[in-house]
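Student: Please take me through this model, contact by contact and helix pair by helix pair.

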Amino acid sequence: MTTTPLLDVRGLSIALPPGADRPLAVDNLTFTLNPDEILCVVGESGSGKSMTAHAMMGLLPAPHVRVAGGSLLFKGKDVLTMPEAEQRALRGGRIAMVFQEPMTALNPLMRVGRQIGESLREHTDLPAPARRARVVELLAQVGLPNPAELAEAYPFRLSGGQRQRVMIAMALACQPDILIADEPTTALDVTTQKQILDLIRSIQAERHMGMMFITHDFGVVAEIAHRVAVMRHGKLVEYGPASDVLNRPQHPYTRQLIASVPHYIEHRDDHAKAGAPLLVADKVRKVFHVGGGLFKKSKEVIAGDDLSLTIHPGETVGLVGESGSGKSTLGRSIVGLIKPDSGRILFEGTDLLSLDRRGFRPYRRAVQMVFQDPYASLNPRHRVGDIVAQGPVAFGEDRAKALTRARELLAMVGLDGSAADRFPHEFSGGQRQRIGIARALAMEPKLLVADEPVSALDVSVQGQVLELLDDIRRRLNLAMLFITHDLRVAAQVCDTIAVMRRGKIVELGTAREVFTHPRDAYTRSLLDAIPGKAWQIPDDLQQVPAGAH
Amino acid sequence: MMMKSDFWRAFARNKGAVLGLVILIAIVVLAVFASVLFPGDPWDMATAPFQPPLSDDALLGSDMLGRDIASGIAHGARVSLLIGLTSTAAALAIGVTLGALAGFHGGKVDDAIMRFTELFQTIPNFVLAVVLVAIFTPSLTTIVAAIAIVSWPPLARLARAEFLSLRTREFVQAAITTGQSNTTIILRQILPNSLSPIIVSASLMVATAILLESSLSFLGLGDPNAMSWGYMIGAARTVIRQAWWMSVFPGLAIVLTVLALNLVGEGLNDALNPKLARSRG
Amino acid sequence: MLGFAQLFASRLVKAAAILIAIVVMNFFLVHAAPGDPAMVMAGEAGAADEKFVTQLREQFGLDRPLYEQLGTYVGKIVQGDLGFSYRQQRPVWDILAERLPATLVLTLTAFILALAAGVALGTLAAVTVGTWADSAITVVALLAYATPIYWIGLMLSLFFSIQLGWLPAFGYETIGAGYTGLAHVADVAVHLILPVITLALFYMASYARLTRASMLEVRSLDFVKTAKAKGLSQSRIVTRHVLRNAILPVITVAGIQAGQLVGGSILIETVFAWPGIGRLAFEAVLQRDYQVLLGIFLVTSIMVILFNILTDILYGLVDPRIQVSQ
């Protein structure tokens, strides 16, 4: 190839402050970005994948983090040695960037149109009326309705997807040569993610930009990448055309990452529902009242309406929905964290909702919960052993006995013996989630409610925790209500799947039915939105699916 | 979990805090040994009136009745520290209890308590303190009570905010689902995690309480039996043209004490909330 | 603008509720005080003549049940009757009305100065963080924080008035000079300088510290990263993106501290013999004139409520979200 690359990164190293877990965030990184291509930079958290982009945009948190060596050539000229004014002309002008969190990336006190106009004001000579016209045009190009009206709105009136479109319009304002997108869809729901990915892909093709797309999700890579760079601990481990990396990965780390991408495989036998159901939810309804005051009526938010499902012993039921669908409502009602307005929740025939505090207490043991955030779900001031033992002690068990049992449980979830004497901050996210599972098991429950138990974890860790949950479920014949936003994750562990939308269950069936013959249009759009669905994970990397016999 | 040695290392990294601690210890020593260093009643005439500083028998000068300023400052330190500590303790008891109840229970309880707190926060607190002490006649008890009554609202708001945010944290919800009682949850799970900001505010409140006490005494609302810094400045006000030292030295004593407490408070903040301290750049 | 009107209306209702609560509190203070309520109202026990005390008893129905007395008391206050000062032989409201303008001028000027100068200094400290300017501002703020305001007042007048003779040490105007028109305004302004600076200093320090901390926090937020990625200049990022967001907590605290500022005027007016309500409070304390003292309590509370409404409006102007979310 003879074309000069748009961007030529040579031996780039970025130093972390002393005392960090490693000296270099980015270690001797070399790659190029050509015009009219999408380069995906893939890695887990802490791989240094965002740092390169930040260095290019002058966003490294000076003075703690700094470039220690190498060069960043934009059209042959080193960005790092340019005078500040010249760098600023590049930023937002020739190189633009879209960030991960659309909810916080816009100034809350400035009208959307003005925020886009600022870029034009800085980098072009357009007079104010022309700028305004251009802003409206840009908003229309990113597919926003009523662009003229929207330009006058404040960010808080826009949804996450709309804000991300605004961010893209802002990045496109000055027709940049390079667009850097730093996990632009990670914070979005799966259907919104699909729309934004489609938009990004079409805009890139139209304008022939060079695009650096940073992501942790190989599904997204399969969706849009031309070329792929895989990073780990600041080093480039694999680099090549997308088809090679996706279908014939060479480096063991790439192979591991691809193998842990959650995916649906025709695997499970349908769950044989034996005997009486363990739990029956019957027309459960919960309405939250938000806001309100002397002069304003409070808004009703229906978190759950007519929610009915059954869980048999040993069965795993998945409750799948996007944010705001009310998927957590039922789980929280079952464990008694919220009180539904109407309906019944029968546990082995007893209606939990009819019980008072004292009457409910015995059932607390039988139903336990695993929480989402491994960093918030453990009290930072208690030793891990105590955290696990606290529940049984509250039910009158002898403390020494409870602690011995806690050690056994910690071993069972794969932590070593000394874990009980340490504090939560000494553990990684995945390990903490194991502790949370041990805490739930200490109560010897019959039903486990797992609320997004892996969504805060890196993919490789996700796989391990899912495996642990499935293993325990089988060994103890536990029933499980598994709440998730990710259909792919649900596909791996669930026998039965309920799809929720706007407080209602729109589809309920065996995992096989839901995946192969979805009946509801919304379920179909969810399945359709799964990134990389057209990509077949290489056969040798298809994991032995959890729960397959 | 913060280890003790970590705490001291973080505290000692803040040079101002160490300086504050040294000053504070000196003032405490002065207060404890006031009767040894300056035997006799500070209200008694010790020398001739209006002696300037560095006189033979009055290091910091004397007032219009020949009372020793240095002795007054030493004895005044007792009153200041005593009132500062007791009124903070009382304000903590009111504020943290109300704030914890509001934050833990939420809903109507929270509404009612917060309305009440808002009322006390709107009232000009110094005016209320003046009215209370004036009507109930000045004494150590009424002064401490008045300061506590006007100082608790910020502590209540702080405790409420902490409890409110901790209550929805997953480890507290886990404590609920594992059947722990409300008392256990409040005392074992929430309170220890909300303590650091409360300790920091309390240390700053001792400083504010000392300022409040001195202001009350300045207006003539001090305990008539206890020598205090504010009283000394108030008495010196009318003769400031003749005897600047009468108001300058007690004033410096207040500044040093309050400054020391503020510095220690900041050091505590750095040591107890390392994340916040770092973000302050 | 409907949202704004709604917000304003709910604030007024809240203010009215707080006022009623304060009136009730006043009533109970009189009754909780040691001794006969009539005597307490009349002033120092024994000093009032029998006829006046009897008249008070009848007027407030002090032999009636407590709740009836409360009704009578609230009714009187609602009609603007704050009682009668036996000491001064005048209605309390008349005495207060005469003193109110001086206090309003003092506190409002100090409030605005503290806010403007505090935010400016805090911003300067934040953009020069780590340099000598930042350290100087931080040290001055720390000192201002630790110094009793009445003592600052005394020291300033000792230096600028007694030593240097630049500014008048006390009073509202030059007595006997008989200035009129602009000369009068200028004369009052000169007298205002020391009291205003003294009163403003503490709050200026407080707002400067807060602005600095808030700016440093906002500076690390995502949308500032967006602004940098747009290639905006440092000054535009600071003024358009950081400062505007950083100022919100400062306004909130200014509203909360308004009460302290108004209370502080008692000390300042005492030091500088400023003929306002604060000075009146000092006199009332000396004379045990509780009727006047309780009147001052009520009036200063109303002032604080007005300051709070002022800061609410200010907040609403800066933050567009407030009109819907409240």
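Student: How many salt bridges does the rule find across the interface of chain A and chain C?
Tutor: This is a predicted model, in which local features need pLDDT of at least 70, side-chain atom pairs count only at pLDDT 80 or more, and totals for chains, interfaces and linings use all residues; side-chain values use heavy atoms, with hydrogens and water left out. Residues are numbered from 1 along each chain as its sequence is written, and chains are lettered from A and ligands numbered from 1 in the order in which they are written. The rule asks for a side-chain nitrogen of Lys or Arg within 4 Å of a carboxyl oxygen of Asp or Glu. Across the interface of chain A and chain C, the number found is 2.

Student: Which residue of chain C meets Glu118(A) in a salt bridge?
Tutor: The pair joins side chains across two chains, with an N to O distance of 2.8 Å. The partner of Glu118(A) is Lys230(C).

Student: What area is buried between chain A and chain C?
Tutor: In this interface 32 residues of chain A are in contact with 26 residues of chain C, contact meaning heavy atoms within 4.5 Å. Buried area is the accessible area (1.4 Å probe) that two parts lose on being put together, summed over both. Carbon and sulfur atoms give 59% of the area here, and the total is about 2600 Å².

Student: How much of the area buried between chain C and chain B is on carbon and sulfur atoms?
Tutor: Here 46 residues of chain C touch 43 residues of chain B. The two chains bury about 4100 Å² between them, and the share on carbon and sulfur atoms is 78%.

Student: Which residue of chain B forms a salt bridge with Arg209(C)?
Tutor: The count between chain C and chain B is 2 salt bridges. In the one with Arg209(C), N and O are 3.1 Å apart, and the partner is Glu266(B).

Student: Are α11(B) and α7(C) parallel or oblique?
Tutor: Two packed helices are described by the angle between their axes and the distance between the axes. Axes are lines fitted to C-alpha atoms, for helices over the stretch in contact, with angles from 0 to 180 degrees between N-to-C directions. For helix α11 (residues 244-272) of chain B and helix α7 (residues 149-163) of chain C, the axes come within 10 Å and cross at roughly 140°. Angles under 35 degrees count as roughly parallel, over 145 as roughly antiparallel, 65 to 115 as roughly perpendicular and the rest as oblique, so α11(B) and α7(C) are oblique.

Student: How many charged residues are in the contact of α11(B) with α7(C)?
Tutor: Residues that meet include Trp244(B) and Leu252(B) on one side and Trp151(C) and Leu158(C) on the other. Ala, Val, Leu, Ile, Met, Phe, Trp, Tyr, Cys and Pro count as nonpolar, Asp, Glu, Lys and Arg as charged, and the others, Gly among them, as polar. The contact has 10 nonpolar and 2 polar residues, and the number of charged ones is none.

Student: Are α7(B) and α9(B) roughly parallel or roughly antiparallel?
Tutor: Helix α7 (residues 140-167) and helix α9 (residues 182-218) of chain B have axes that come within 9 Å and cross at roughly 155°. That angle makes the pair roughly antiparallel.

Student: How many strands does chain B have?
Tutor: Helices (H or I, at least four residues) and strands (E, at least two) are DSSP runs, numbered from the N terminus. Chain B has 12 helices, and its number of strands is 0.

Student: How far apart in sequence are the parts that Glu37(A) and Arg227(A) tie together?
Tutor: The closest N and O atoms of this salt bridge are 2.6 Å apart. Glu37(A) lies in strand β3 (residues 37-42) and Arg227(A) in strand β9 (residues 227-232) of chain A, so the separation of the parts is 190 residues.
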